Amino acid sequence: MLIKGIPASPGIVAGKAFVLKPEALTIPKYKISQKEVVAETKRYMDALVLTRKELAGIQKKVEKELGESYPDIFAAHVLILDDPSLREKTVKIIEEKNANAEHAVAQVLEKIGKTFSHIEDSYLRERAQDFKDVGRRILKNLLGKKEETLTNLSDKVIIVAHDLAPSETAQMDKKNVLGFATDVGGRTSHTAIMARSLTIPAVVGLRDITQRIESGDDIVIDGHEGIAIVNPPKSTLERYLKRRKQLAVLEKKLDKLKKAPAQTTDGHRISLMANIEMPKEVELLERYGAEGVGLYRTEFFFLNRRDIPSEEEQFQAYKYAAERAYPLPVVIRTLDLGGDKFASVLETPKEINPFLGWRAIRFCLARPDIFKTQLRAILRASIYGKVSVMYPLISALQELRQANKLLEETKRELKKEKKEFSRNIKIGAMIETPSAAITSDLLAEEVDFFSIGTNDLIQYAMAVDRINEKIAYLYQPASPAVLRFIKHIVDAGHRKGIKTAVCGEIAGDIQLTLILLGLGVDELSMGPVAIPEVKQIIRSVSIEEARKITEKALSLDSTEKIVSYLKSVKEPLRLLYEPR
Ligand code: PEP
Ligand code: MG
C-alpha cells in the first residue's frame, strides 16, 4: 500500500514500523480522608517538580544534539506547568472534594483542554498539543509510570506516529531510529525540521498512516519523493532496497568527490552550496562537500514561540553559522514569514491569499522594528565569517531600494554605537516573482547577486499554489515558461556583471542539472544530501554539451517534450544510474 505524503527529510529507508499510539492512561478515582489531604497535595506538587525536571532534561538533550541556538521548544510547556490556575484548581479539588490527585488534575486538565479551542490568543490555541503533552506527563508521574519505550528502542525502527511532539522526538534514541512517518505536519513542522537537522529520512502529512499500519509491519519510506509503502510486495521492497544500495554505493563513490570542484570536463566551474534552517546544520557542509551556505532560512526562529527572538539570540545563531562555516560563505536570508509559514507571535491577520499577501520582505518593510533587529544581528555576525544578506520575495525595484535603505540606516546606527560589522557585506535579492524576473535588469543595479527561488517562481509564474495537491500536476519546473524565466534572469544578471544562483528545490533535482548548467546558472544551493549526485553530473559533461542540450530543450514547446528529451540525453552522458 503506497501512501503519498510530503517529503520532509531526504533518504530512503526500509524496516519495521514502530507505531506510536499513546497508551490510554487509566485515571483512578477514589476519596481520601481529611488527614491525607496534605500528603496528597504534596504528592501532586512532587509530580509537578518531577515533570519540570524531565522537561529541563529533554531540553538539555535537544541542545546537545541540535546546538544551543536551537529554540527553547519547551518554553510553552514550562509556562503551562507553572500556570498558577492549574495548580490552584487542582489543589482546591483535592482539599474540598477529598479527591485523589490523579482524578483532581485530570478534571482540571479536561476543563482547560476544552477551552483551548475558544481561546482568542492564537499562540495559546496552537499550544493545545503542548498542553496535552504536559498533562500526560503530570499524570504519568503521579501514576508512577515510566516513559514510553522511545528512549530505549532496542531495534532499528521507523517511527510511525500521528504527530510527534518535540519532546517525543527529542527523547528518541536516535541511533535506532531509521526514519519518521507521520499523519500530519508540513515541511516546516518541528518533526520535519528536526529530521533534516539530524539527517534522518522523514515523510510527513501521510494523513491516516497510523490507522493503516501496526507495529512490526514492514515499511519503506522515501524522503525524496514523500512516499511511504506499507507491507510492500517483495518486488517493490527489492526495488527500493536496490535503489538504496545504489545510493549508498554512489555516496561512497561520491565521497571521493567531496573535495573535487563542481567543474565540467572542459573546466567550467559552478558552486554547489547548501540550504539550511538551523545553524547546527553548517556541520553538514563538510560531510557533503558543500562550498558554503547558499540559503540560510531564518523563519524557524520565529515559529512556535511566544516572544520575538531578540537581537542577541539571533546574533548568536548567525555568528555560530558564520564561524563554523568559515572560510566558506553563508548567505543569510531575512525573514520570509507569511505564505505557508506563520508565526503566531506576530499576530498577523488571516488572509484569503496568504501567498499573495503580507509576506516576506513586504512584512519586513512594514515592520522595520523586526527587520532592523534581524539586520543588526546579521551585520554584527558578519565579522565572524563570510556573510551575505539576501531579501526574499522582492517584487519591485522600489521594495529593494527600501530594504537597502533600512540596511544602510542600520549600518549607520551600528557605527554610531561603535559596533563592528563587515563593511563590504554582499547583498542579494531573491528572484521569485514574475515581476522581479522581468525587471531583473533593473534590480541587478542595486545588488551584488541574485538567487532564484524557484519554489515560489514556479508557483507565481504558473499560477499554481505550491502546496495544493490537487493542482500539483501543473507545478512544472521543466516547463518552457519556467526555463525562459530562468534564462532571462541569468542573462540580465550577467549583462550587469552579477552572479545568479538557484536555491529552490530544482537546484538538487538531477534531471535538471544539465539544463541549469547550460542556462549559465553560477551557483546551485540545495539540501546538502543532494550535492554529491549533482556534482557527479556536472563533472561528467562539457559546458558545450550542456549548452547544446539546453538550447534544444528551450526550442521544445511543451514540458512533456522537454522532460522526455532530458531523459533521452542521459545515455551519451554516461550518468551513473537512471534518474528518478
Ligand atoms: C524558493 O522559493 O525557491 C525558496 C528557496 O524559498 P522558500 O522555499 O523558503 O520560499
Ligand atoms: Mg521562496
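Predicted model: local features only at pLDDT ≥ 70, side-chain atom pairs only at ≥ 80, totals over all residues.
## Angles between helices

## Confidence and domains

The pLDDT of this protein averages 89, and 93% of the residues score at least 70. Over residues 574-580, however, pLDDT stays under 50, and for this stretch the model has 23 contacts beyond four places in sequence.

The protein is divided into three parts, of which domain 1 is made of the segments 2-19, 158-167 and 176-246, while domain 2 covers 34-142 and domain 3 covers 260-577. Between the C-alpha centres of domain 2 and domain 3 there is a distance of 42 Å.

## Helix α1 and helix α4

Helix α4 takes in residues 101-115, and its axis comes within 10 Å of the axis of α1, the two crossing at roughly 55 degrees. The crossing in which α1 passes α4 is right-handed.

On the α1 side the residues that meet α4 are E40, R43 and Y44, and on the α4 side they are A101, E102 and V105. Sorted by class, this contact of α1 with α4 has three nonpolar and three charged residues, and no polar ones.

## Helix α1 and helix α3

Helix α1, which runs over residues 37-66, also packs against helix α3, residues 84-97, at an angle of about 155 degrees and with the axes 10 Å apart. Since angles over 145 degrees count as roughly antiparallel, α1 and α3 are described in that way. Here too a crossing is given a hand, and α1 passes α3 in a right-handed one.

The α1 residues V37, E40, T41, Y44, M45 and L48 meet L86, R87, T90, V91, I94 and E95 of α3. The residues of this contact of α1 with α3 divide into seven nonpolar, two polar and three charged.

## Helix α1 and helix α6

With helix α6, which spans residues 128-143, α1 packs at an angle of about 120 degrees, and the two axes lie 9 Å apart. That angle makes α1 oblique to α6, and the crossing of α1 past α6 is right-handed.

From α1 the contact uses R43, Y44, A47, L48, L50, T51, E54, L55 and I58, and from α6 it uses R137, I138, N141 and L142. In terms of class, the contact of α1 with α6 comprises eight nonpolar, two polar and three charged residues.

## Two details of the backbone

Two further places concern the geometry of the chain itself. The peptide bond that leads from Y326 to P327 is cis, with omega near 10 degrees, and P327 is found in the loop between α11 (311-325) and β11 (329-333).

The other place is A360, which has a positive phi of about 50 degrees although this residue is not a glycine. A360 belongs to helix α12, which covers residues 360-366.

Key. Residues numbered from 1 in each chain as written. Chains lettered and ligands numbered in written order. Heavy atoms only, no water. Domains from an automatic or database assignment. pLDDT = per-residue confidence, 0-100. Contact = heavy atoms within 4.5 Å. Axes fitted to C-alpha atoms, helices over the stretch in contact; angles between N-to-C directions. Helix = DSSP H or I, 4+ residues; strand = E, 2+ residues; numbered from the N terminus. Parallel < 35°, antiparallel > 145°, perpendicular 65-115°, else oblique. Left-handed = near helix turned anticlockwise from the far one by under 90°. Nonpolar A, V, L, I, M, F, W, Y, C, P; charged D, E, K, R; others polar.
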